[in-house]
Amino acid sequence: MSVWRRYLVKDVTGRLVDLPSSLLDRADDGTAPLPHFAGRCVEMVAAVIVGDRKTHARVTELAFTKLYFDQMGYVDAAKRERMIRLMLESCADRRCRPPRKDVDRDARQDDCAHLSRRAVAARDQLIREFGWEPKPAERDAALSRLDPARLRGTPSQPARTLH
């Protein structure tokens, strides 16, 4: 069994097209830019696929995200760092545990309330800056491209690759 990832991006017409992971990796690690994305924010579908590459491959995770590129066409490092900081902060409320003693209860509840507010604010900001809500047709288009068996009755289209 194999595990791999696939990416689709919205092109200028709104269609989802393949973005090979090797190209995205090079733009992310600073070795080769994607000039046609320079200075842009693109809506992307990121999928984790598990199974045999020829048969029975299934999408196990599907994320609809925004990806920012700098003026050269590399993944914007500052935006990437901001996304990671927001992701970490969005988990702040998971550190709360019930108090062991009645004496600790008020202080811990105050701490947990503060952490909860921070986490909720970070999750909201993360969604606004780095997420997008696909229309049902966009979600179906992504699934038919990445996992056609999941959408029975939808004909599989040949993949169009972005170069």
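1. Helix α2. Helix α2 has 13 residues and spans 18 Å from its first C-alpha to its last. That is close to the 18 Å expected at 1.5 Å a residue. At the start of α2, a side-chain oxygen of D76 comes to within 3.0 Å of the backbone nitrogen of A78. Please keep in mind that this is a predicted model.

2. Overall layout. The chain has four helices and four strands. Read from the N terminus, the order of elements is β-β-α-β-β-α-α-α. The chain holds 163 residues, and buried residues make up 31% of them.

3. Surface patch. I84, M87 and L88 form a nonpolar patch on the surface. Together they have about 300 Å² of accessible area. M87 sits in helix α2, which covers residues 77-89. How accessible is M87? Its relative accessibility is 41%, so M87 counts as partly exposed.

4. Salt bridges, count. How many salt bridges does a search of the whole structure find? The search finds 12.

5. E43 and K10. These two residues form a salt bridge, with the closest N and O atoms 2.8 Å apart. The pair links distant parts of the chain. E43 is in strand β3 (residues 41-51), K10 is in strand β1 (residues 2-10), and they are 33 residues apart. E43 has 24% relative accessibility and counts as partly exposed. K10 has 18% and counts as buried, because the cut-off for buried is under 20%.

6. R145 and D18. Here the side chains meet in a salt bridge at 3.7 Å, N to O. The pair also links distant parts of the chain: R145 belongs to helix α4 (residues 136-146), D18 to strand β2 (residues 16-19). They are 127 residues apart. R145 counts as buried, at 12% relative accessibility. D18 is buried as well, with a relative accessible area of 7%.

7. D147 and R58. The closest N and O atoms of this salt bridge are 3.0 Å apart. D147 lies in the segment after α4 and R58 in strand β4 (residues 58-68), so the pair ties together parts that are 89 residues apart in sequence. D147 is buried, with a relative accessible area of 1%. R58 counts as partly exposed, at 34% relative accessibility.

8. Which residues do salt bridges with shared partners join into one network? They are R6, D18 and R145. The R145 to D18 contact in point 6 is a salt bridge at 3.7 Å.

9. Cysteines. How many disulfides does the structure hold? It holds zero. A disulfide is a covalent bond between the sulfur atoms of two cysteines. As for accessibility, C41 counts as partly exposed, at 36%. C91 also counts as partly exposed, at 33% relative accessibility.

10. A121 and L86. A121 lies in helix α3, residues 102-130. Its relative accessibility is 43%, so A121 counts as partly exposed. A121 and L86 are 35 residues apart in sequence. In space, their C-alpha atoms are 9.1 Å apart.

11. Where is Y74 found? Y74 is in the loop between β4 and α2. With a relative accessible area of 21%, Y74 is partly exposed. Y74 and L24 are 50 residues apart in sequence, and 8.8 Å apart in space, C-alpha to C-alpha.

12. E138. This residue is placed in helix α4. Is E138 buried or exposed? E138 is buried, with a relative accessible area of 13%. The E138 side chain reaches the backbone nitrogen of K135 at 2.7 Å.

How values were computed: Residues are numbered from 1 along each chain as its sequence is written. This is a predicted model: local features need pLDDT of at least 70, side-chain atom pairs count only at pLDDT 80 or more; totals for chains, interfaces and linings use all residues. Side-chain values use heavy atoms; hydrogens and water are left out. Patches are made of residues with over 30% relative accessible area and no salt bridge: like charges are joined within 9 Å, nonpolar side chains (Val, Leu, Ile, Met, Phe, Trp, Tyr) within 5 Å. Accessible areas come from the Shrake-Rupley method with a 1.4 Å probe; for residues, only the protein chains shown count as cover. A salt bridge is a side-chain nitrogen of Lys or Arg within 4 Å of a carboxyl oxygen of Asp or Glu. Helices (H or I, at least four residues) and strands (E, at least two) are DSSP runs, numbered from the N terminus. Buried means under 20% relative accessible area, exposed over 50%, partly exposed in between (1.4 Å probe, protein chains only). A disulfide is a pair of cysteine sulfur atoms within 2.5 Å. The expected span of a helix is 1.5 Å times one less than its number of residues. A polar contact is a pair of N or O atoms within 3.5 Å; within protein, one must be able to donate a hydrogen and the other to accept it, and residues adjacent in sequence count only if both atoms are side-chain atoms.
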